Amino acid sequence: MASTQSLDVVIVGGGLGGMTAALSLRQRGHHVTVLEQAPRFGEIGAGIQTAPNASRVLLGLGLRRQLEAIHTEPQDQVRRRWKDGSIIGLTQLGDYCKRQYNAPYWHYHRADLHGVLTDACVDPTGPGPVVELHTSSRVDELDRGSPRRPAAVTEDGRRFEADVLIGADGIRSRVRDLMGLPDTLLFSGEMAFRALIPGDLIAADPATRFLMDRFQSTIWYGPDRHLVHYMIRGGEYLNVVGCVPCTDDVAEKWTGSATAEDLVNAYEGWDDRAAAMLSKAKEDVLSFALYHRRRDPVWMDGRVALLGDACHAMLPYQAQGASQAMEDAAVLAEELGRINADGVEGALRRYVDRRAKHAGMVQDASLQNKTFYHYPDGPQQEARDALLRRGFDGESD
Ligand code: FAD
């Protein structure tokens, strides 16, 4: 598993992508430093899904025991019609994914998943040298005076030199700007409400109790908006993501806070069960303007490369943004695991070759879902629903 030569790798950004990359590179015997601008490592209070492609990467890091302690496994994914909640599609997950893809489809609280990755970075019994983690370290400059040893320079003037420098610093990547890459950011015109609803409130109400069944993951399709929800922490919370046209103030500020009333109002006229669920969102409803990136295959320059949202931010309409970043991490580590310090640029080129086209396809497919999910009632919606019903008996509840 260890590389032919241990490299110094600096990763800018300790999100899910950066931390998965840190662990993947550690596993290959590299010496990794993560620079995170926030005062502590962590994630927002919300859920995340990892489909088998990402679960496989995480399990490959030797984290099965830790992930089994924090995951929730949905048995299927249900698609519902906005107006009456009738089921228009059902995809098996659970055992089917494990049989079919040899890896599970799991849900987590983001903070739990991030915590597992962070703990593994500094676990002295793990493979390779422990990862050096620096918080309150906002990178503001790159020093590329020595092309074989680029350096990240923090706002307060600290210099971190490396054989390889990775920008995993998210959708508004500073590293990307410093590399001089084109501005590919696009505004989708939509925003996402996010809320965690206590599972006991859902279970106590006969109108919403059905949501506990089989820990189903659900997408409701409606005209110009959709609604996603799934259980995390074994039913402790229902994670809700509501995607609707963006208001001007959220578009301008990128984020905002909202109330249960805002959520209920956003889905006015929908099946009563949607309102029954959304009215239980007591606190911390957040809203995020949804930006994404135009497809662009340039992810590297010399010994500096990008990973995750920094290069392929996508709409969350396939739940694949972090999962693609995890795939990036695995491929990057594989390529950097086969070389010595002379081979870094070639390895980065192979990493980009193997990843950019695939991630670009997922970006495109996520964008297409913006149309597919949001058809107004009419012939296109009927054709879509007929397509989704194919292979499914149209059961209702
Ligand atoms: P980020 O998570 O943005 O991390 C970047 C890190 O870099 C941050 O910690 C930041 O503080 C740090 N940073 C930034 N600038 C600097 C700097 N200059 N110096 C130092 N540090 C810096 N994906 C899934 O796979 N499954 C899902 O279910 C899913 N659901 C989603 C739901 C919603 C509503 C949204 C909006 C997205 C969802 N995604 C999902 C996408 C996923 O959240 C992102 O794609 C993923 O978090 C990106 O990870 P990243 O590590 O590339 O970037």
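Two strands pair if DSSP finds at least two bridges between them. Strands (E, at least two residues) and helices (H or I, at least four) are DSSP runs, numbered from the N terminus. The model is predicted: local features need pLDDT of at least 70, side-chain atom pairs count only at pLDDT 80 or more, and totals for chains, interfaces and linings use all residues. Residues are numbered from 1 along each chain as its sequence is written.

**View 1. Confidence across the model.** The pLDDT is the predictor's confidence in each residue, from 0 to 100. The protein averages 94 on this scale, and 97% of the residues score at least 70. The model has an ipTM of 0.99 and a pTM of 0.96. Where pLDDT is low, the predicted coordinates should not be read in detail.

**View 2. An open sheet of 8 strands.** The order is β5-β4-β13-β14-β15-β12-β17-β16, and the pairing is mixed. β5 (87-92) and β16 (255-258) stand at the edges with a single partner strand each, so one side of each lacks a neighbour in the sheet. From one strand to the next, the twist averages 20°. Angles run from 0 to 180 degrees between N-to-C directions, and axes are lines fitted to C-alpha atoms, for helices over the stretch in contact.

**View 3. β12 beside β17, with a helix across.** Strands β12 (residues 185-198) and β17 (residues 285-293) are antiparallel, and 7 bridges pair them. Look for L186: its bridge partner in β17 is H292. Helix α13 (residues 344-373) lies across β12, β13 (217-222), β14 (225-232) and β17. To β17, α13 runs at about 125°. Here, two residues are in contact if their C-beta atoms, placed from the backbone, lie within 7 Å.

**View 4. Two hairpins around β14.** β13 and β14 run antiparallel, joined by 5 bridges. W220 stands opposite L227 in β14. This hairpin has 2 residues between its strands, and D224 takes a positive phi near 60°. In β15, G242 is the bridge partner of L227. The β14 and β15 hairpin has 4 residues between the strands, and R233 in the turn has a positive phi of about 50°. β14 is mostly covered, with 7 of its 8 residues buried. A residue is buried if 20 or more other C-beta atoms lie within 10 Å of its own, exposed if 12 or fewer, and partly exposed in between, with C-beta atoms placed from the backbone.

**View 5. The shell around the ligand.** The ligand is surrounded by 32 residues; the closest are G13, G15, G170, G308 and G321. A residue is near a molecule if its C-beta atom, placed from the backbone, lies within 6 Å of it. α1 (16-27), β3 (47-50), β12 and α12 (321-336) each supply at least two residues. α12 gives the most, with 4 residues. By class, the shell has 14 nonpolar, 12 polar and 6 charged residues. Ala, Val, Leu, Ile, Met, Phe, Trp, Tyr, Cys and Pro count as nonpolar, Asp, Glu, Lys and Arg as charged, and the others, Gly among them, as polar.

**View 6. An open sheet of 6 strands.** Its order is β7-β2-β1-β11-β19-β18, with mixed pairing. The edge strands, β7 (132-134) and β18 (300-301), each pair on one side only. Strand β2 (residues 31-35) runs parallel to β7, and 3 bridges join them. V34 has L133 as its bridge partner in β7.
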